[in-house]
Amino acid sequence: MDWWDTIGNYMGFLADAPALAVDMAMHGPNANHVGYDLAFGLQASATPIDVYPSEMSFAEPEV
């Protein structure tokens with residue numbers, strides 16, 4: 001399958017998370033074996049996935 005087709009297919013599944021779609025297309029599992037099933041499972045999941053966290057802090061928590 002053409003590289004652009006693979007990215008386009010993942011973008012269809014993960015339109016709200018384009019960076020995740022590109023990462024799965026470039027570095028994820030083989031699209032034809034498990035990749036598309038995994039992307040569909042992420043799309044259809046009732047549990048939200050925080051792909052883009054607002055801010056990360058490495059400071060010690062206040063006690």
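Start by selecting α1 (3-13) and α2 (18-27), which are part of what covers the buried residues of α3. Helices here are DSSP runs of H or I with at least four residues, numbered from the N terminus; "covers" goes by contact, meaning heavy atoms within 4.5 Å; and buried means under 20% relative accessible area, exposed over 50%, with partly exposed in between (1.4 Å probe, protein chains only).

A quick word on what you're viewing: this is a predicted model, where local features need pLDDT of at least 70 and side-chain atom pairs count only at pLDDT 80 or more, while totals for chains, interfaces and linings use all residues. Residues are numbered from 1 along each chain as its sequence is written, and side-chain values use heavy atoms, with hydrogens and water left out.

Now pick α3 itself, residues 31-44, and colour Ala 31, Gly 35, Tyr 36 and Ala 39: these are buried. Look down the axis of α3 and its buried residues fall within an arc of 90 degrees, so they line one face of the helix (the arc is that of the directions from the helix axis to the C-beta atoms). An α-helix has 3.6 residues a turn, so residues three or four places apart point the same way.

Next stop, α2. Which residues are buried in α2? Select Ala 21, Met 24 and Ala 25. Down the axis of α2, the buried residues span an arc within 95 degrees, so they too line one face of the helix. Their cover includes α1 and α3.

Zoom in on Met 24. Setting aside neighbours within four places in sequence, Met 24 is in contact with Tyr 10, Leu 14, Gly 35, Leu 38, Ala 39 and Leu 42.

Finally, zoom out. The protein has three helices and zero strands, and buried residues make up 19% of its 63 residues.

Conventions
Helix = DSSP H or I, 4+ residues; strand = E, 2+ residues; numbered from the N terminus.
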